[in-house]
Amino acid sequence: MKKSLIMLAAFALTTAFPSMSEETEMVYPSSKNWSIGFSSYALVVSSDDYGDDDFSGVAFSGNHFMSDNIGFQFELYVLEHQDFSGIEVTGADLLAYYGSGLLSEGFKWYIGGGFYSETLEVGRFEEDFSGGQLNVGLGYNWESVGLDLSSGLRTTSDYEDSGDDITAITASLSLSYRF
């Protein structure tokens with residue numbers, strides 16, 4: 001079910017926005033409304049009772065920018081626990097951003113939010129987590145390349161176990177091709 005929802009979201013992103021990009025091209029005739037990228041991605045789940053669980057790995061993303069101020073991102077990631085390599089997390093983020101400079105060459109910043117859905121795997125054991133998140137980022141766009149540093153704060157109700165106080169934070173450094 002979770003993978004079906006992720007695939008549906010990816011399909012919706014790729015089919016819904018091409019018709020909108022024609023309108024955007026009138027406003028920004030030389031703009032590059034799409035980008036695909038590769039990221040170094042990290043997730044820290046911090047617990048008052050159990051300490052930190054640090055995960056790191058890679059992510060692949062697709063972005064569509066409707067204007068210089070509004071953008072959407074779909075990101076798939078695969079992470080491994082820093083201390084126990086047998087623990088893996090795979091997941092997806094679906095985000096909307098508001099900012100400045102998203103289409104233009106030069107510096108950009110953005111804030112936004114969206115949803116995450118992921119699966120933690122330890123051997124044959126699997127547990128799913130999902131929820132909302134708030135994100136911030138900044139970066140720089142060259143003609144065909146974008147560089148971004150972003151961070152997110154996640155809702156933690158799915159992470160919480162037996163009333164434990166949990167904080168979940170993500171960070172990524174992304175390099176993307178703009179087209």
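Q: What makes strand 2 and strand 3 count as paired, and in which sense do they pair?
A: In this predicted model, strand 2 and strand 3 (residues 70-81) are joined in the antiparallel sense over 11 bridges. Pairing requires at least two bridges found by DSSP, so the term applies to these strands.

Q: How many residues lie between strand 2 and strand 3 in the hairpin they form?
A: The hairpin of strand 2 and strand 3 has 4 residues between the two strands.

Q: How do you know that strand 3 and strand 4 pair?
A: DSSP bridges are again the criterion, with at least two needed. Strand 3 and strand 4 have 11, in the antiparallel sense, and therefore pair. Across this pairing, E80 stands opposite E88 in strand 4. These two strands also form a hairpin, with 5 residues between them.

Q: Which residues are closest to the centre of the largest pocket, and what is its volume?
A: The largest pocket has a volume of about 450 Å³. Of its 22 lining residues, V45, D53, L120, F129 and Y159 are the closest to the centre. Elements that give two or more residues to the lining are strand 1 (34-47), strand 2 (51-65), strand 4 (87-100), strand 5 (106-122) and strand 6 (125-141).

Q: How many residues of that lining are nonpolar, polar and charged?
A: The lining of the largest pocket comprises 12 nonpolar, 3 polar and 7 charged residues.

Definitions and conventions
Residues numbered from 1 in each chain as written. Predicted model: local features only at pLDDT ≥ 70, side-chain atom pairs only at ≥ 80, totals over all residues. Heavy atoms only, no water. 1 Å grid on protein atoms, 1.4 Å probe; cavity = no way out; pocket = protein on both sides within 12 Å on 5 of 7 lines; lining within 4 Å. Points joined across faces, edges and corners; volume = space filled by probe spheres on them. Nonpolar A, V, L, I, M, F, W, Y, C, P; charged D, E, K, R; others polar.
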